[in-house]
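Please read the following report alongside the sequence and the coordinates.

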Amino acid sequence: MSVRLNARLSQIASYIRKGDSVCDVGTDHGFLPIWLKENEVSDRVIMSDVSRGSLDKAVRDAAEELDREDMPDARLGDGLDVLAPGEVDDIVIAGMGGIQIIDILSWDIAKTLTYSRFILQPRRDSALLRKWLAVNGFTLVDQTVVPENGRYSEIVCCTSDGASPADVSLADRSTVQDLFDADPDGWMELEYPEDLRDPSGQGTDRKYFLSELEKTNYIIGNIKANSDAGSDMLRLLCKRRERLEKLCGKKN
Ligand SMILES: C[S@@+](CC[C@H](N)C(=O)[O-])C[C@H]1O[C@@H](n2cnc3c(N)ncnc32)[C@H](O)[C@@H]1O
């Protein structure tokens, strides 16, 4: 029996070009590497995790599904430490927070830039991650949103083409956070980019924006009802609401 990927992992897999070598950083269950092998997308697949328990689980799962000679290479370690420079074409980092992803990518930015394609799926702080990628000159290929168990997953595919951290300090996550804090209004477009598309064409992008709008309205209502504090926060939330209303077609 072959592994079946959910919509999120399928979308991630769709960004991996046939023949590319891949490392799935933070693989956990190992579904993606197993699928890539089973479907003969990649000959060379590495699965890594910082947790021994997770990696052992991935190895067990892979052993059930694959012949011995097809087993992905399993490596225990932190982020890109498990790889040599340029060892693979594609890096997948999925199911972690955006800040955690930035920490992995910025740990040794010169090494990071030796890999060509990055498929990133931040669970939160996606705007911060987009800012970090932009500051470091990565080229965006595509960004999508897919449904998963009643929530939405944003996926960003980019390449290191043309990327070079002109100023090494900008590679750092805290500097990017400072850039953000200095221009909080600049968050909006990075939080909810206009070109965030639903690959299935079933309007998930609009549903996502609508659910974010609902959440934002709820928070605004709570703040207004319970305090006179947070006027700056309230102003930003109102801006967010305006942007989401526009994206949902409720406002011009
Ligand atoms: C929520 S799981 C995501 C699993 C899989 N990538 C997915 O998207 O379904 C996150 C995994 O990342 C691993 N992880 C967290 N930080 C890591 C790091 N710095 N380097 C490698 N793995 C890490 C965790 O041990 C865990 O197994």
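Strand 6 (residues 139-148) and strand 7 (residues 151-159) run antiparallel and are joined by nine bridges, where strands are said to pair if DSSP finds at least two bridges between them. Strands here are DSSP runs of E with at least two residues, helices are runs of H or I with at least four, and both are numbered from the N terminus. The model is a predicted one, in which local features need pLDDT of at least 70 and side-chain atom pairs count only at pLDDT 80 or more, whereas totals for chains, interfaces and linings use all residues. Residue numbers start from 1 along each chain as its sequence is written.

Helix 9 (residues 204-226) packs on the sheet and touches strand 6 and strand 7, with a direction at about 75 degrees to that of strand 6. Contact means that the C-beta atoms of two residues, placed from the backbone, lie within 7 Å, and the angles run from 0 to 180 degrees between N-to-C directions of axes that are lines fitted to C-alpha atoms, for helices over the stretch in contact.

The sheet as a whole is open, has seven strands in the order 3-2-1-4-5-7-6, and shows mixed pairing. Strand 3 (73-76) and strand 6 stand at its edges with a single partner strand each, so one side of each is left without a neighbour in the sheet. From one strand to the next the twist averages 15 degrees.

| Strand pair | Sense | Bridges | A bridge partner pair |
|---|---|---|---|
| Strand 1 and strand 4 | parallel | four | Val-25 and Ile-93 |
| Strand 4 and strand 5 | parallel | six | Asp-90 and Arg-117 |

A residue is called buried if 20 or more other C-beta atoms lie within 10 Å of its own, exposed if 12 or fewer do, and partly exposed in between. Val-92, which lies in strand 4, counts as buried because it has 28 C-beta neighbours inside 10 Å. Leaving aside residues up to four places away in sequence, Val-92 touches Ile-12, Val-22, Asp-24, Val-25, Leu-32 and Ile-119. Ile-12 is 80 residues from Val-92 along the chain, yet their C-alpha atoms are separated by 8.0 Å.

Helix 6 (residues 126-135) has eight of its 10 residues buried, so it too is largely enclosed by the rest of the structure. Among these buried residues are Arg-130, Lys-131 and Trp-132. The helix is followed by Gly-137, whose phi is positive, near 80 degrees.

The domain assignment gives domain 1 (7-191) and domain 2 (204-247), with bounds that come from an automatic or database assignment. Taken over C-alpha atoms, the centres of domain 1 and domain 2 are 29 Å apart. Seven residues of domain 1 are in contact with seven residues of domain 2. On the side of domain 1 that touches domain 2, strand 6 supplies the largest share, three residues. The residues of that side divide into six nonpolar, no polar and one charged, where Ala, Val, Leu, Ile, Met, Phe, Trp, Tyr, Cys and Pro count as nonpolar, Asp, Glu, Lys and Arg as charged, and the others, Gly among them, as polar.
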